[in-house]
Amino acid sequence: MFREDGEYGMYMLPVSSVFSLLLPDIWKVNWNKMTFVWLRRAISTILLLGAVNICEAATITYRGGTYTGELLRGLPDGQGTWKLKNGDMYMGNFVAGVLMEGRGIFRQPGGSLYEGTFLYGIPHGYGKLQLLDGSVYLGSFEFGIWNGDGSLIFSDGSSYRGTWQDGQY
């Protein structure tokens, strides 16, 4: 490698530069930007992880409960089940130790249940929530709050279908 002054030397390259050095023809291929970004991230991850066993499965004590599932460097990553001492249970996706990330099911011993997508442990996106009184909400969540299109079926059989704003219809 040449430094700016033309002398040989070593200097640090950002991951994107390393990527372009490894695959210089990638710039010549007419792919859309998202494909390139995904491919760059995938290759960067492979380079950073090296020979780490990604699919290691085990049972560990984790954040006040027991986690059984895939691990990455000792942290929950991938599919698994997390059971807390109070009876709460989450089954679904974990990302590098972040609990409840992506699709999953969260169940409480009293009978409430949420099935859908999570973001940083909070219902976010589309999901189904069964409440303790027997009511069921099916629709959009925004950081745990009912927002957007959804329907609520009350325990007596009546229902509301429409647009929610900050948990209100």
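Author: Contact means heavy atoms within 4.5 Å. The model is predicted, so local features need pLDDT of at least 70 and side-chain atom pairs count only at pLDDT 80 or more, while totals for chains, interfaces and linings use all residues. Residues are numbered from 1 along each chain as its sequence is written, and side-chain values use heavy atoms, with hydrogens and water left out.

Reader: With which residues is proline 109 in contact, leaving aside neighbours within four places in sequence?

Author: Start with its place. Proline 109 sits in the loop between β5 and β6; strands are DSSP runs of E, at least two residues, and helices are runs of H or I, at least four, numbered from the N terminus. Set aside the neighbours within four places in sequence, and the contacts of proline 109 are Asn86, Gly87 and Asp88.

Reader: How far apart in space are proline 109 and methionine 89, C-alpha to C-alpha?

Author: In sequence, 20 residues separate proline 109 and methionine 89. In space, their C-alpha to C-alpha distance is 8.3 Å.

Reader: Is proline 109 buried or exposed?

Author: Buried means under 20% relative accessible area, exposed over 50%, and partly exposed in between (1.4 Å probe, protein chains only). Proline 109 has a relative accessible area of 58%, so proline 109 is exposed.

Reader: Methionine 100 is not a glycine; what is its positive phi?

Author: Methionine 100 lies in the loop between β4 (89–94) and β5 (102–107). At 12% relative accessibility, methionine 100 is buried. Its positive phi is about 50 degrees.

Reader: And what is the relative accessible area of aspartate 166?

Author: Aspartate 166 is found in the segment after β10 (159–164). Not a glycine, aspartate 166 still has a positive phi of about 55 degrees. Aspartate 166 counts as exposed because its relative accessible area is 51%.

Reader: What is the bridge partner of glycine 116 in β7?

Author: Two strands pair if DSSP finds at least two bridges between them. β6 (residues 113–119) and β7 (residues 122–130) pair antiparallel over six bridges. In β7, the partner of glycine 116 is glycine 127.

Reader: Which residue takes a positive phi in the hairpin of β6 and β7?

Author: This hairpin has two residues between its strands. The positive phi is near 55 degrees, and the residue that takes it is tyrosine 120.

Reader: Next hairpin. Which residue in the turn between β7 and β8 has a positive phi?

Author: β7 and β8 (residues 136–142) run antiparallel, joined by six bridges. In β8, phenylalanine 141 is the bridge partner of glycine 125. Five residues lie between the two strands, and the one with a positive phi of about 100 degrees is glycine 134.

Reader: What is the angle between the planes of tyrosine 160 and tyrosine 169?

Author: Rings of Phe, Tyr and Trp (its six-membered ring) pair if their centres lie within 6.5 Å; planes under 30 degrees apart are stacked, over 60 edge-to-face, the rest tilted. The whole structure holds 12 aromatic pairs. In the stacked pair of tyrosine 160 and tyrosine 169, the centres are 4.1 Å apart and the angle is 25 degrees.

Reader: Which residue forms an edge-to-face pair with tyrosine 169?

Author: Tyrosine 169 is exposed, with a relative accessible area of 56%. In the edge-to-face pair, the centres are 5.0 Å apart, the planes stand at 75 degrees, and the partner is tryptophan 164.

Reader: Is tryptophan 164 buried or exposed?

Author: Tryptophan 164 belongs to a cluster linked by ring pairs, whose members include Tyr67, Phe94 and Trp146. Its relative accessibility is 1%, so tryptophan 164 counts as buried.
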